[in-house]
Structure formats: structure tokens, C-alpha cells
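Please look over the sequence and the model below.

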Amino acid sequence: MSEPLLQVEHLKKYYPLGKRWFTKSQQQVVKAVDDISFSVLQGETFGLVGESGCGKSTAGRSLLRLIEPTSGKVRFDGQDITLLSPEALRQKRKDMQIVFQDPFSSLDPRHTVQRILEEPLIVHGVGNAKERQGIISRLIDVVGLTHSHLQRYPHQFSGGQRQRIGIARALSLQPKLIVADEPVSALDVSIQSQVINLLQDLQEEFGLTYIFIAHDLSVVKHICDRIAVMYLGRIVEIADKNKLYATPQHPYTKALLSAVPEPDPDIKPQRIILQGEVPSPANAPVGCAFHTRCPWVMDICRSMRPELMQTEPGHLTACHLFSGPDAGEKAI
Ligand code: SF4
């Protein structure tokens, strides 16, 4: 691991809601991703976690420009991809691929696996027919399928096998970065570890960099090097996985981790039960977005948004308990 392969700066994705023509109020927006910044090192697996609706998938798609971000910069391999023309972006996509959560809906049911794997190669003008066949043979081997599978259609496979096809397709253009968007959450638990192990083996073999999006913190712990926790479109904490699990700082991270099942029966976890629902991103609370549910809320939290700040080397937290002159005393 060395230089950042990806630097995301102040990325926002807002969706306008219909304007109420009979009022003078400003047009409402849903802030699906609200000013997030992070970097991902070459060869790293960076986790984006949070409850469903926190904006993690929108963030993953915005940084690939599969959906256009509202604002912000995404520097990939030294180039700001938010400035690229459609043709330049198409070329760049070779290096940035995605694996989707639902392998069934992301694979064209009318096409055989052979065609699914060959299509990106044809679109990007890779090799002649014989060379492409060589690449497809290798892909099918590395994801643990057999050559007899090439003439079958997606519905003829199990969920785990379909995800292997999705991974093979993502690998076909030899990308540098793969955004894996909940890649195992639609799979049986028994199959999840096979796919996770496959992703780890492929990372080692091809030097891949991953952004791994998930809501399941035990899966993330297994595969990620560093983890960013998102709440209502914002990143509230970033840390190395060992630090995050051993000494979480943000109250929301603590609550999420307290809900992870503990395999050791002698350890009695202190479950933190959060009150209330996640607020709507169309009407996010002023100040700290978590203040309506935070057990440690203070007056300042209701009016001032905490910035994501370094609290110790490599550990960033957005919480007033960790900012200000007497932060050390306030820290829980
Ligand atoms: Fe809780 Fe305040 Fe920290 Fe927000 S800033 S997480 S409300 S203590």
C-alpha cells in the first residue's frame, strides 16, 4: 500500500424534490450524499458502512459517475474524473468497475455467460476473437466456474455462482479499482464466505483496490483495511478496522458495533439501543444529523454541525465530544 489511488473531496449528491408552487419556500432536496471526503490507497480495501438509506451505495455510484454527482472532486489515478468528457470517461471505466448487490438483475437474462463476459471486451476493443476467448477462459477459471458454464444463461445458476459471473465481468478489463456494492448481502450465509474469500484471493493475484459497501459489520471486519461509517449522507468516523472495532469513538459507530453478535458466549455485549427512527434525508436535523437519537447529545449538537476531524493518528471522527478545548474530558 502506498499512494492514494482514489481521492474523494467534498462529494455531494442531492436529488431535488418537486417544488410546491403555492408556497415561497425554497425547493427541497434530498441530500443522499452530503459532502464526504476520503482517500483509498493502492491495494487497500476501504469499507463504507451504515444502515440502509445512509447514502453508501449512492456514494459508490457517484464516485464512478454511474450517477452524476452534484458537486465535488473524484481524483482517480491522478485525474479528476468529474471533469472527463463522456468518451474519456468511457475509456477510464476500464479501470473502475462495479460488482452489484443483486447478481441476477445485473446480468442480462437473454445472454449466455460467454456473451456477458465478452461484451465489455468488444466494447473496449480488446483483442481479436481468439484473444478474447483466452481472456474469458482465464476469467472463468479464476472465479471458480467451469467452461461448460459459458453456454448457460443467468437463471441456470445459483446466487453464489451468479455473483461469481458478476465478479468475472468486473475483472474482464483488468481494472485497478472495484466498487463492490453489498456483494454478498443477497447470498446465503454459507455462500458469503466463499465470495469474500474469492474477492480476497483476486485482490492478491491482481493487486486490486476495493471499495466494499455493506451494512453487515461482521462481513466488513473480515475483508476491510479501513472503514468509513456513514449516517444520513455524511461520514461520521473513519479508522483502521482494528481501531474502529476496539475503540470506536462516534456514538453511532458504538451503537452499530454493539449490535454485532459476539461469538464468545462469556462476553456479554453492552447493547446500545438507539431511540427513534433515522430521520428523512429530505429533512435532516440541523447541527449534528445524529442528535435526535444520540444518548450523549449536548446543546451545541442541535445547532452546529461537527466536522470530521483527526482525533488520533489515522482516526477521524465528526462529533463535538471529540472537538473543542476540553474534548479529552468530554470523550466517552
Ligand atoms: Fe452525539 Fe453531539 Fe456527537 Fe452528534 S455531535 S454524535 S449529537 S455527542
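His10 has its place in strand S1 (residues 4-16). Strands here are DSSP runs of E with at least two residues, helices are DSSP runs of H or I with at least four, and both are numbered from the N terminus. This is a predicted model, where local features need pLDDT of at least 70, side-chain atom pairs count only at pLDDT 80 or more, and totals for chains, interfaces and linings use all residues. Residues are numbered from 1 along each chain as its sequence is written, and side-chain values use heavy atoms, with hydrogens and water left out.

Phi of His10 is positive, near 50°, and His10 is not a glycine. Most residues other than glycine have a negative phi. His10 is partly exposed because its relative accessible area is 48%. The cut-offs are these: buried is under 20% relative accessible area, exposed is over 50%, and partly exposed is in between (1.4 Å probe, protein chains only).

Gln174 also has a positive phi, near 55°. Gln174 lies in the loop between helix H5 (159-171) and strand S7 (177-181). Its relative accessible area is 66%, so Gln174 is exposed.

## Helix H1

Helix H1 spans residues 56-63 and is mostly covered, with six of its eight residues buried. Those buried are Lys56, Thr58, Ala59, Gly60, Ser62 and Leu63. After H1 comes Arg65, with a positive phi near 60°.

## Helix H9 and Leu257

How many residues of H9 are buried? Eight of its eight are, and H9 is mostly covered. The buried residues include Pro251, Tyr252, Lys254 and Leu257. Their cover includes helix H7 (217-223), strand S9 (226-231), strand S10 (234-240) and helix H8 (241-246).

Take Leu257 as one case. Leu257 is part of helix H9 (residues 251-258). Leu257 counts as buried because its relative accessibility is 13%. Beyond its neighbours within four places in sequence, Leu257 is in contact with Leu217, Leu244, Tyr245 and Pro248. Contact means heavy atoms within 4.5 Å. Leu257 and Ser218 are 39 residues apart in sequence, and their C-alpha atoms are 9.0 Å apart in space.

## His315 in strand S12

His315 belongs to strand S12 (residues 315-317). Its relative accessibility is 0%, so His315 counts as buried. Leaving out residues up to four places away in sequence, His315 touches Glu237, Ile238, Ala239, Lys243, Thr247, Gln249, Met309 and Gln310.

## The cavity and the ligand

There is one cavity of 30 Å³ or more. A cavity is a set of points, on a 1 Å grid over the protein atoms alone, where a 1.4 Å probe fits but cannot get out; lining residues have an atom within 4 Å of a point. The largest cavity holds about 70 Å³ of space. It has 13 lining residues, and the closest to its centre are Cys288, Cys294, Cys301, Cys319 and His320. Points are joined across faces, edges and corners, and a volume is the space filled by probe spheres set on them.

Where does the ligand sit? It sits in the largest cavity, meaning that more than half of its atoms lie within 2 Å of the grid points. Residues around the ligand (one heavy atom within 4 Å) include His250, Pro251, His291, Trp296 and Leu321. This shell divides into nine nonpolar, three polar and no charged residues. Nonpolar covers Ala, Val, Leu, Ile, Met, Phe, Trp, Tyr, Cys and Pro; charged covers Asp, Glu, Lys and Arg; the others, Gly among them, are polar.

Notes. 1 Å grid on protein atoms, 1.4 Å probe; cavity = no way out; pocket = protein on both sides within 12 Å on 5 of 7 lines; lining within 4 Å.
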